[in-house]
Each structure stands twice: as C-alpha cells, then as structure tokens.
Amino acid sequence: MASNRPAPESPSAQSAHEFDDRGAFQGPGAGGGEGDGPWEEWNPTEESTRSARGKHRVVKQRSGGLSRGGTVLGVGVIAAVGASGMASAEGRPPVPISMPDVGGMADDLSEKLPDAKDLPGIGELISDEGSAGADAASASAKGASAPAAGPLTRAAQPGADAGSGADAGEALRSRILQQADAQQDAGEQEAREAAEKAAVQQAATEAAAHQKSAEKAAAAKKAAEMEAKRKAEEAARRKAEAERLANLAKSFTVPVSSYTLTASFGQAGDRWAADHTGQDFAAPTGTPVKAVHSGTITQAGWAGSYGYRIVLTLDDGTELWFCHLSSMVKTSGKVNTGDVIGRVGATGNVTGPHLHLEVRPDAGDPIDPMPWLRDHGLRV
C-alpha cells in the first residue's frame with residue numbers, strides 16, 4: 001500500500017542518481033554515494049518528474065532523409081516507463097536499472113540500411129546537391145537542444161525542384177518557341193504562296209491586257225488597212241467610172257442644148273391618166289432635138305396625147321421616146337450620137353412647148369430618165 005511519507009526526489013535532482021555514458025540509470029547509491037536505506041513506493045507525477053538531461057549524440061543526417069538521436073529515444077523510453085509506474089518494495093536493496101543504448105542501436109541499424117539513392121523510385125527524386133545540403137544542415141544542427149527530425153522530402157530540396165522546374169520550363173519554352181517558329185514558317189510559306197499566286201494572277205492579267213491590246217491594235221491596223229484598201233478601191237472605181245463616163249460622154253449627149261427642167265418622172269397631174277412617165281425639157285418651139293446615143297429609129301409619127309413621137313432603139317434594146325415634136329427630121333434608119341432627129345414643139349396633150357423624154361429598158365416600162373442620163377456620163 002502507498003505510504004504517506006513524502007516522495008523522494010527525482011533522479012535528476014539527486015547528486016547520487018546519475019546516468020552513465022550510455023544513458024543507463026544507476027539508481028541511488030550506485031555511484032557510491034549516500035542514501036542507502038529503506039525505500040517506499042514512489043508514484044511519479046508530472047510535477048515530480050522532470051526530463052533527464054544527459055549526454056546525447058546527434059546522428060549525422062544521411063542522404064536517406066532520416067535523423068536519429070539516441071538521447072531523445074532514451075528519454076522517450078524513460079518517460080514511458082515512468083508513466084507506467086516504477087515500483088520499489090520497502091526493505092529491498094536498490095536494483096540498478098540499465099537502459100539499452102537505443103541511440104547507438106538506431107545508429108548501427110541506420111548504417112546497415114541501404115542508401116536512399118539506391119531505393120527504386122526514390123533515388124531519382126534525390127540529387128547529390130540535395131544530399132550535400134542535407135549533410136550541411138545536419139552538421140549545423142550539432143549542439144542544438146532540439147535536433148531536426150523527420151524525413152527530408154522533395155519539398156525540402158529547393159535545388160532539385162528548381163532544377164526540375166527549370167528543366168520543365170526550358171522544355172515548355174522550347175516547345176513554345178518551336179510552335180512559334182512553325183507558325184511563323186507556315187505564315188511565311190502562306191505569304192509566299194499568296195505572293196506567288198498574286199504575281200501569277202498579275203502576270204496573267206497583264207498578259208491578257210497585253211494580248212487584248214495587241215489584238216485591238218491588230219484589229220485597228222487591219223481595219224485601217226481595209227479602210228485604206230476600200231478607199232483605194234473606191235478611188236480606183238471612181239477613176240474607172242470617171243473614165244468610163246468620159247468615154248460614154250463621148251458617145252452620149254443631152255437631147256437639147258438649152259432647156260429648163262419642168263415636170264419630172266412620177267409627178268402627178270390632171271393632164272396625165274397616171275403619174276408622169278418621163279422628164280420634160282422646156283425649150284422654145286423649133287429647138288433642135290438630138291439623138292442621145294447611136295441607134296436605130298424604129299417608129300416615127302403621130303401618137304395621140306404624145307403628139308409627134310420618134311422612138312430610137314439602142315443596141316442594148318433600150319427605147320428612147322422623143323414626144324410633142326413640132327416636126328420630125330429623121331423617121332427611120334441608123335443615127336449617131338448628136339444627130340438632129342426633130343424639133344421641140346407643143347403637139348399632143350401639152351400646155352406649152354417642151355420635149356417629153358422617156359427611157360424604157362428592153363422596150364418595157366418607163367424609168368426615171370435623169371439617173372439613166374447621169375449613169376451614162378451626162379450632167380443634167
């Protein structure tokens with residue numbers, strides 16, 4: 001049973017109670033000090049138990065990221081034993097307590113463990129630079145009252161993270177630059193293709209415009225040549241016609257030398273049953289009437305409303321009627337151009353003296369005498 005006597009001092013408070021160099025508790029009087037005598041039961045409490053301060057060693061932090069301290073482990077064990085209660089029987093001699101060197105055992109065990117860099121899946125996470133930094137941190141922690149404990153994770157290795165981040169950033173930057181270069185090359189290629197296409201289109205447009213201009217120039221030249229040729233042909237035709245008319249003029253003549261044109265071909269009047277069928281040359285009575293061209297007189301005599309009429313038939317079959325004559329000089333036979341064949345009169349259905357001339361090709365219907373006379377080189 002528990003005694004009412006005051007509890008003895010804690011081992012840390014007694015000069016005779018000491019720990020050896022390996023951290024083992026020697027008990028009272030183990031060092032030869034005083035204090036032998038009867039013991040009562042000791043129930044340690046939080047107030048009566050204080051942490052033992054003794055020699056301890058800080059194990060060198062290894063590359064595996066583990067830090068161990070023998071003294072810390074020893075104190076933990078003592079605290080556990082004190083919590084469960086330490087019993088001492090009254091009258092019994094004190095028994096020395098010897099604690100194993102847990103720190104040394106952990107140190108020996110850590111020396112037998114493989115290096116963290118050799119563990120699969122972990123070695124690549126730890127760089128030599130990080131290990132050197134961990135060794136330096138472990139060395140600087142010697143002499144500190146609370147040594148650092150716990151695994152050295154990747155978060156505690158800024159050099160490794162910085163290196164990996166730098167590598168990843170460099171790779172990303174390289175990819176971005178490659179993509180930018182590829183896009184720039186694609187843009188430049190597209191620009192070159194667009195420029196080439198535009199150049200081809202421009203060249204095609206210029207070629208088409210040049211071709212069109214050349215064709216237009218050729219067409220204009222051809223038109224000019226054709227116009228010049230037409231003008232030349234027209235001039236030649238006119239010259240030939242002029243020559244022909246000049247030659248015809250030698251063989252054709254107007255029927256009267258002095259005259260005035262009055263009633264024309266196709267003119268309407270109350271003195272004709274139909275429109276006027278000839279051209280009237282007004283002249284004084286007795287004015288000589290000449291043969292317009294050489295031919296043969298086929299008719300001569302009275303013709304009713306035409307009065308005295310002479311019909312001169314040309315070699316091509318055209319009949320020339322000379323009407324309203326006052327007298328007939330020749331009534332038959334061949335005549336030449338300019339021969340007088342009669343005289344102007346006012347016989348038949350007339351209002352005054354004049355020569356009524358009709359032109360009937362192939363002895364058919366009458367035509368306008370004026371164009372026929374002009375076509376034969378006569379100016380009337």
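A residue counts as buried when its relative accessible area is under 20%. Arginine 360 has 12% relative accessibility, so it counts as buried. Keep that cut-off in mind on the way through this predicted model.

Start with the whole chain. It has 380 residues, and 24% of them count as buried. It holds 5 helices and 9 strands. Read from the N terminus, the order is α-α-α-α-β-β-β-β-β-β-β-β-β-α. Take the contacts with a separation of 6 or more: 60% of them join residues 24 or more positions apart.

How confident is the predictor? The mean pLDDT of the chain is 74. A value of 70 or more is reached by 55% of the residues.

Now move to helix H4, which spans residues 158-251. One joins the side chains of arginine 230 and glutamate 227, at 2.4 Å from N to O. These two residues are 3 apart in H4, about one turn of the helix. Arginine 230 is partly exposed, at 42% relative accessibility. Glutamate 227 is partly exposed too, at 31%.

Arginine 237 meets glutamate 234, and their closest N and O atoms are 2.6 Å apart. Again both residues lie in H4, 3 residues apart, about one turn of the helix. Arginine 237 counts as partly exposed at 46% relative accessibility. Glutamate 234, with a relative accessible area of 23%, is also partly exposed.

The count for the model is 5 salt bridges. Another of them brings us back to arginine 360. Its side chain meets that of glutamate 358, at 3.0 Å from N to O. Which side of the cut-off does glutamate 358 fall on, buried or exposed? Its relative accessibility is 0%, so it counts as buried. Arginine 360, at 12%, is buried as well. Salt bridges can also share partners: in this way Glu234, Arg237 and Arg238 are joined into one network.

Next, the strands. Strand S1 covers residues 260-261 and strand S2 covers residues 279-282. They pair in the antiparallel sense over 2 bridges. Leucine 261 has phenylalanine 281 of S2 as its bridge partner. S2 also pairs with S9, again antiparallel, over 4 bridges. There, glutamine 279 is partnered by leucine 357 in S9.

The whole structure has 4 aromatic pairs. One of them is tyrosine 259 with phenylalanine 281. The pair is edge-to-face, with 5.2 Å from centre to centre and 80° between the planes. It links distant parts of the chain: tyrosine 259 sits in the loop between H4 and S1, phenylalanine 281 sits in strand S2, and they are 22 residues apart. Tyrosine 259 is partly exposed at 27% relative accessibility, whereas phenylalanine 281 is buried at 0%.

Tyrosine 306 and tryptophan 321 form another edge-to-face pair, 5.7 Å centre to centre with 90° between the planes. Tyrosine 306 lies in the loop between strand S4 (295-302) and S5, and tryptophan 321 lies in strand S6, so the pair ties together parts that are 15 residues apart in sequence. Tryptophan 321 counts as buried, at 13% relative accessibility.

Finish in the largest nonpolar core. It has 25 residues. Those with the most contacts inside it are Val289, Val292, Leu312, Leu320, Phe322, Ile341 and Trp372. Which elements give two or more residues to this core? They are strands S5 (308-314), S6 (319-328), S8 (340-344) and S9 (354-360), together with helix H5 (369-375).

Look closely at phenylalanine 322. Leaving aside neighbours within four places in sequence, its contacts include Val289, Val292, Leu312 and Ile341. Phenylalanine 322 also touches Pro255, Tyr308 and His356, among others.

Conventions. Residues are numbered from 1 along each chain as its sequence is written. Side-chain values use heavy atoms; hydrogens and water are left out. A nonpolar core is a set of buried Ala, Val, Leu, Ile, Met, Phe, Trp, Tyr and Cys residues joined through side-chain atoms within 4.5 Å. Buried means under 20% relative accessible area, exposed over 50%, partly exposed in between (1.4 Å probe, protein chains only). Contact means heavy atoms within 4.5 Å. Two strands pair if DSSP finds at least two bridges between them. pLDDT is the predictor's confidence in each residue, from 0 to 100. A salt bridge is a side-chain nitrogen of Lys or Arg within 4 Å of a carboxyl oxygen of Asp or Glu. Rings of Phe, Tyr and Trp (its six-membered ring) pair if their centres lie within 6.5 Å; planes under 30 degrees apart count as stacked, over 60 as edge-to-face and the rest as tilted.
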